Amino acid sequence: MNEFVVTPWEVKGEIDYQKLIKRFGTQLITDQLAGRLERHGVDHWMLRRRIFYSHRDLVWLLNRYDQKEPFVLYTGRGPSENTHLGHLMPWIFLRHLQDVFGTKVYFQLTDDEKYLFKPGLTMERARWFAHENALDFIALGFDPTKTVIFSDLDYAKSLYNIAVRVAKKVTYSTTKAVFGFAESTNVGRIFFTCMQSAPAFLPSEEEGKNVPCLIPCAIDQDAHWRITRDVAPLLGYYKPATIYCKLLPSLAGPGKMSASIPETSIFTTDEPAAARKKLERGFTGGGVSIAEQKRLGGKPEVCSIYRYYQFLFEPDDKKLNKIYEECRSGEMMCGECKKRLGARLEKFLTEHQRQRARARERLDDFLVMD
Ligand code: TYM
């Protein structure tokens, strides 16, 4: 009954993140590894709170870095909808990594993927969302001299030249085993992982030598990297390293925030006051009545609203702890807690939308095509 599903295209149920580590075969970010990152200058709540909690080959990557072999960062977005708050999480963390390590960033917009996977989505619409989503990425303050953004449809030549080599090493039985494809699956979907693999190897092609690559993203993308990493040595490339975060839950409780359920997701393009209203309807860990909650306290550990503070809106650990304690002790009621978060959300969206409007004029500084 408690079984949960996490794939790049479906997330269902209450996720047990420890179980997921075992299921996927990833590594836990230990205190020792977090300490090592902190000594390099990584100082971020998403690491301290282990929202970024798992990885593949991060130790290897840092060893290379310490031996003066710099790495690149790579992440992406499947443009089927507007960007929601969950998508911003890996990008915010990645932005911090770019600052700390001074790395080049590659950002892929998989408009081909969304066209292949989302019934009814036209190619034109996927392309349009690709540009809209890129604005959210740029709005976070990336440096155009060190950041490139591309869509698969518009950068096809560069990517396909790598993807086709990946494809030669991936069998149908592998993709089927990893993704559960059926006889009726269109062949574009079966090929698609090869396109998502390509940017991990693009820097090595560009530089004519192997370049280590780190991919920050949520754990839902791991299936692609399992295939990419298996193929890498067969093509003479390094395996990309990954660092994974947990998924921002939907406002309705368990399950991830998903762009396909707009009522329980907050989009960066939502009118700030309307977003606040959605949040006010969100699931909490409150009691059945105010009297009961005052007596027994709330349950922040199951509360969506608390997760929003923890994952995105309260970087200060002491202040977060205070919110936790005030809820646990029955001192703060859900209405008040939502009101405080709503004010922060409105402020955040107003500023993000201002930066997003500026980004529209700078899109060409980031986009590459061939
Ligand atoms: P997409 O568009 O589904 O998601 C974009 C990024 O957001 C992460 N994510 C979340 N993070 C936290 N909470 C959530 N609720 C949440 N939902 C999604 C995803 O893990 C991802 O990092 N095929 C990819 C696009 C892609 C990509 C990549 C992603 C191409 N290359 C390299 C990561 C790294 C996709 O459709 O992501």
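This is a predicted model: local features need pLDDT of at least 70, side-chain atom pairs count only at pLDDT 80 or more; totals for chains, interfaces and linings use all residues.
Start by selecting Ala241, Thr242, Ile243, Tyr244 and Cys245 in strand β9, and show their side chains: Ala241, Ile243 and Cys245 point one way, while Thr242 and Tyr244 point the other way.

Now color residues 241–245 by burial. Five of the five are buried, meaning under 20% relative accessible area, so β9 is largely enclosed by the rest of the structure.

What sits alongside? Select residues 52–56 next. This is strand β4, which runs antiparallel to β9 and is joined to it by four bridges. Zoom in on histidine 55 here, and you'll find its bridge partner in β9, isoleucine 243.

Then pick residues 213–218. That's strand β8, paired with β9 in the parallel sense over five bridges. Look at isoleucine 215 in particular: threonine 242 of β9 stands opposite.

Time for the ligand. Show what surrounds it and you'll get 25 residues, the closest being Arg77, Gly78, Glu113, Gln196 and Asp220.

- Glutamate 113: a side-chain N or O atom is 2.7 Å from a ligand nitrogen.
- Leucine 248: a polar backbone atom is 2.8 Å from a ligand nitrogen.
- Glycine 86: a backbone N or O atom lies 3.1 Å from a ligand nitrogen.

Terms used
Residues are numbered from 1 along each chain as its sequence is written. Side-chain values use heavy atoms; hydrogens and water are left out. Buried means under 20% relative accessible area, exposed over 50%, partly exposed in between (1.4 Å probe, protein chains only). Helices (H or I, at least four residues) and strands (E, at least two) are DSSP runs, numbered from the N terminus. Two strands pair if DSSP finds at least two bridges between them. A residue is near a molecule or strand if one of its heavy atoms lies within 4 Å of it. A polar contact is a pair of N or O atoms within 3.5 Å; within protein, one must be able to donate a hydrogen and the other to accept it, and residues adjacent in sequence count only if both atoms are side-chain atoms.
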